[in-house]
Amino acid sequence: MLKQVAEGVLTHQSELIANNAVVVQGRAGVLVVDPGLTGAELACLANDLRELGQPVVAGFATHPDWDHVLWHAELGDAPRYGTARCAAFMEDVRSKPDWKARAAEGFPEEIADDVPLDLYGLITGLPAETTQLPWDGPTVRIIELPAHAPGHAALLVEARGVLVAGDMLSDVLVPMFGYDTADPLEDYLAALRLFEDVAGDVDFVVPGHGSVGGAGELRARIELDRAYVQALRDGKEPNDPRIGPSAKPGWEWVSDIHTGQQQHFGPGS
């Protein structure tokens, strides 16, 4: 079911791991960002848009993790954009003869039989340093982030005050780091500063996973994520409600992610 976040901006949340698909209404149709997980969910989203009389005229993948690069034939064949690094990463993935089997290794077992792969990761890379999405709709600013995954990007729908944050600023997931750079923790802190730079223009933040927040929540999540990263960097135990006994029911497994990251980045690692 689509829910309105702001005028002309809607979300559609997956049942498992609360992925947020974002729909932005343009002049001739909609932009769909990170559309969802299962074939049934993607078909449901396509049906909802059809009933609204809104064809998909563009797509965008915030980053090359499996749950953000899926697509369904019923959403149509509009160009699906991503950063140049995101597109290059997915092109490399799909170049492997056994890429479907490799991709499936990461699927949660609850949905493994209903994740569509035919259109997986077919991303059109935008030229490096592109800062605005090329489409016929409200201005969408691209903010490339040096954290979490190669070619990760957030989108700011400027006239609607909506920040689509990719896999950051979640109320249920702690910061998760890429391991392909020299200093993933400092990279994450740098990405948080990019969010601070636009916070004055944001009324709503939509994370890749979890609940939508208002402007005050955006600043609170930046501070929470920063405190988590700094604690990890400094070898301290984070005081973070997303892990331990205060974790949201059903999200207790996030503590396991934290434990792994603590072992990787902690003192003596």
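This is a dialogue on reading features of a predicted model.

Reader: What kind of model is this, and how are residues numbered?

Author: The model is predicted, so local features need pLDDT of at least 70 and side-chain atom pairs count only at pLDDT 80 or more, while totals for chains, interfaces and linings use all residues. Residues are numbered from 1 along each chain as its sequence is written, and side-chain values use heavy atoms, with hydrogens and water left out.

Reader: Which residues does UniProt list for the domain?

Author: UniProt positions are given in the numbering used here, with shortened feature names, and annotations may be inferred rather than shown by experiment. The unreviewed UniProt entry lists "domain: Metallo-beta-lactamase" for residues 18–209. Helices (H or I, at least four residues) and strands (E, at least two) are DSSP runs, numbered from the N terminus. On that basis residues 18–209 are 24% helix and 19% strand, and the end C-alpha atoms of the span lie 5 Å apart.

Reader: How do strands E1 and E2 pair?

Author: Strands of a sheet pair through backbone hydrogen bonds, either parallel or antiparallel. Two strands count as paired here if DSSP finds at least two bridges between them. Strand E1 (residues 3–6) and strand E2 (residues 9–13) pair in the antiparallel sense, over three bridges. Lys3 has Thr11 in E2 as its bridge partner. The two strands make a hairpin with two residues between them, and Gly8 in the turn has a positive phi of about 75°.

Reader: In what order do the strands of the open sheet stand?

Author: The order is E8-E9-E10-E11-E12, five strands with mixed pairing. Strand E8 (140–144) and strand E12 (213–214) are at the edges with a single partner strand each, so one side of each has no neighbour in the sheet. Strand E9 (residues 153–157) runs antiparallel to E10, and three bridges join them. Val157 has Val162 in E10 as its bridge partner.

Reader: Which residues other than glycine have a positive phi?

Author: Most residues other than glycine have a negative phi. Ala18 has a positive phi of about 45° although it is not a glycine, and phi of Asp34 is also positive, near 45°. Ala18 lies in the loop between E2 and strand E3 (20–25). Asp34 is in the loop between strand E4 (30–33) and helix H1 (39–51).

Reader: Is Asp34 buried or exposed?

Author: Buried means under 20% relative accessible area, exposed over 50%, and partly exposed in between (1.4 Å probe, protein chains only). Asp34 is at 4% relative accessibility and therefore counts as buried. Ala18 is buried too, with a relative accessible area of 11%.

Reader: How many aromatic pairs are there?

Author: A pair of aromatic rings is described by the distance of the centres and the angle of the planes. Rings of Phe, Tyr and Trp (its six-membered ring) pair if their centres lie within 6.5 Å; planes under 30 degrees apart count as stacked, over 60 as edge-to-face and the rest as tilted. The count by this rule is six aromatic pairs. For Tyr179 and Phe265 the ring centres are 5.6 Å apart and the planes at 10°, so this pair is stacked. The pair links distant parts of the chain, 86 residues apart: Tyr179 is in the loop between strand E10 (162–164) and helix H4 (184–198), and Phe265 is in helix H6 (residues 254–265). Tyr179 is partly exposed at 48% relative accessibility, whereas Phe265 is buried at 15%. Phe177, Tyr179, Tyr188 and Phe265 form one aromatic cluster.

Reader: What volume does the largest pocket have?

Author: On a 1 Å grid over the protein atoms alone, a cavity is a set of points where a 1.4 Å probe fits but cannot get out, and a pocket is an open set with protein on both sides within 12 Å along at least five of seven lines; lining residues have an atom within 4 Å of a point. Grid points are joined across faces, edges and corners, and a volume is the space filled by probe spheres set on the points. The largest pocket has a volume of about 610 Å³. Of its 29 lining residues, the closest to the centre are Ile17, Asp65, Trp66, Asp67 and Gly106. H2 gives the most to this lining, with three residues.

Reader: How many cavities does the structure hold?

Author: There are three cavities of 30 Å³ or more. The largest cavity has a volume of about 60 Å³.
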